[in-house]
Amino acid sequence: MKPIVFLLLATFFGGSTQQGVRFYVIRQWKYINFTWPNEDALKTATAKGLYVPENVVVSGVKYHDDFFYVTLPRMKEGVPATLTRIPAGQVQDYAPDLEPFPSWEMNDVEDCMNLQNVQNVEIDAKGQMWIIDGGRVQTLTKPVVKCPPKLVIYDVKGMSVKEVHQFPEEVASRNGSFLYDLVVDNTDEGFAYITDNSAHDPGLIVYSVKENRSWKIRDTKTMSADPSAINFSVNEIPINTPINIAAIALGPKIHTSNEKVVVNEDREVYYCPLSSLHLYSINTTVLRNENLAKTNLETSIKDIGLKPSQTVGMVMDNQGILYYSLLGNNAIGRWDSHTPFQSGQRLIARDPKYLEWPNSFTFDKNGNLTVLTNGLNRFIFDKMNLSEYNFRMISAFVGGTSYLYDDKFNYDLSTEGSSTSSSTMRSTSAEPTPGHEHQHEHEHQHEHEHDHMPTSTDTVTTTERSGTSRFVFGDRGSGYLLKMMRMKLASVLKSF
């Protein structure tokens, strides 16, 4: 049995209504390997350059029916599978080999009907996996343009393809599009809203199941990189490239208004370019109507406000709570969409080691939020060290469920009482506020990371130990209890 490794990111607060968030490391890898058919298959793939460990990076994660589905974009050569899965729940191996999904054959790049380059997927309440396949491979080195971009709808339980939609050239260019992330709306037989991270033609792609048709919404101001937010760094590695629209989230269909339950088919789609501090939204009423989008797009887009740093991944639960990465701060943010954005943002976790480039988010069926970190800032510049842990999945109970599951909305809990509260974040300028990296003297040393946002005094504590777990969790009581817990924490840490 490999040693169990836990991570705690505990945020402490004063006051009687605040609550901490506990994150644990549930999986971590130095490099990615696969469930090869046999040893000879591994040797052959390695010898032919079909498997190059340092060229394999994980990107997206989604939970469904006791599995985590993990995507591996083919940014460089030597990535044998682009869609995989691993068991969820308690396991003995915390660095499992990834099983190609649905099969090795469907990950074979020689056939354009197979999966070529998958950045992200979504899995709806019916067990249908919506797979965006960019078509083009080796996008970071010498791009190979052989297959068109497409959307595949796959029945996970039935193990069968239900629909394949090849995007028209004017919607997603074979040579220039970069399908990044998506959300699924079950209105009128189903819609997918997809961010196209294209350097030349960024936008939001809409796909209608009923019409089996797709179209693209373009807005230069809100979907292209903001020149004032292009230059930032992650753990002292500069990211100086303009990166267009990437992250996307969909608001819940059901909400409460004046203590009444409201079912609303017109939902907000939240999005932002990676190179931007702004969060934007547009209503699905506009996106689903191509003609309406063309005539009223500019007046339909809302500028929600400024974030403290750049964002690459985000997700919203079915109560309207948004979780999002803050790359320059090595942090995870949270916003209750029922509150003003500028005053309602919260910081729930921050750590320069364990939260280096939080790339993707997913909820399981038990209210846990799982975050996939991949150190993409180092991968892009060939600075990954395969003797160190490069990829992690960390998880915390936040009480949320995916926006896809309306039937699990908890109407008895108030907005503030039903969600995790934490330190207020404020963005006071157009420039990001990067986090400060801590030096680890040895593997089991604890860290104290202070929130450097204005007016915040909260502390994030990280503890790692192989084979054991000793944790002090976030305060939920008075200031006196907070003091006692901090004293207890100091006592516990002395024993490590």
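Predicted model: local features only at pLDDT ≥ 70, side-chain atom pairs only at ≥ 80, totals over all residues.
Residues are numbered from 1 along each chain as its sequence is written, and side-chain values use heavy atoms, with hydrogens and water left out.

A search of the whole structure turns up three cavities of 30 Å³ or more. By cavity I mean points on a 1 Å grid over the protein atoms alone where a 1.4 Å probe fits but cannot get out; a pocket is an open set with protein on both sides within 12 Å along at least five of seven lines, and lining residues have an atom within 4 Å of a point. Volume is the space filled by probe spheres set on the points, which are joined across faces, edges and corners.

The largest cavity is about 100 Å³. Its lining has 16 residues, with Lys62, Asp181, Ile248, Met314 and Val315 nearest the centre.

Next, the second largest cavity, at about 70 Å³. Who lines that one? Asn117, Gln119, Gly134, Arg136, Thr139, Ser177, Phe178 and Leu179.

Now the largest pocket: about 700 Å³. The lining of this pocket runs to 29 residues, and Leu140, Phe178, Asn197, Thr241 and Ile243 sit nearest its centre. So much for the tour; thanks, everyone.
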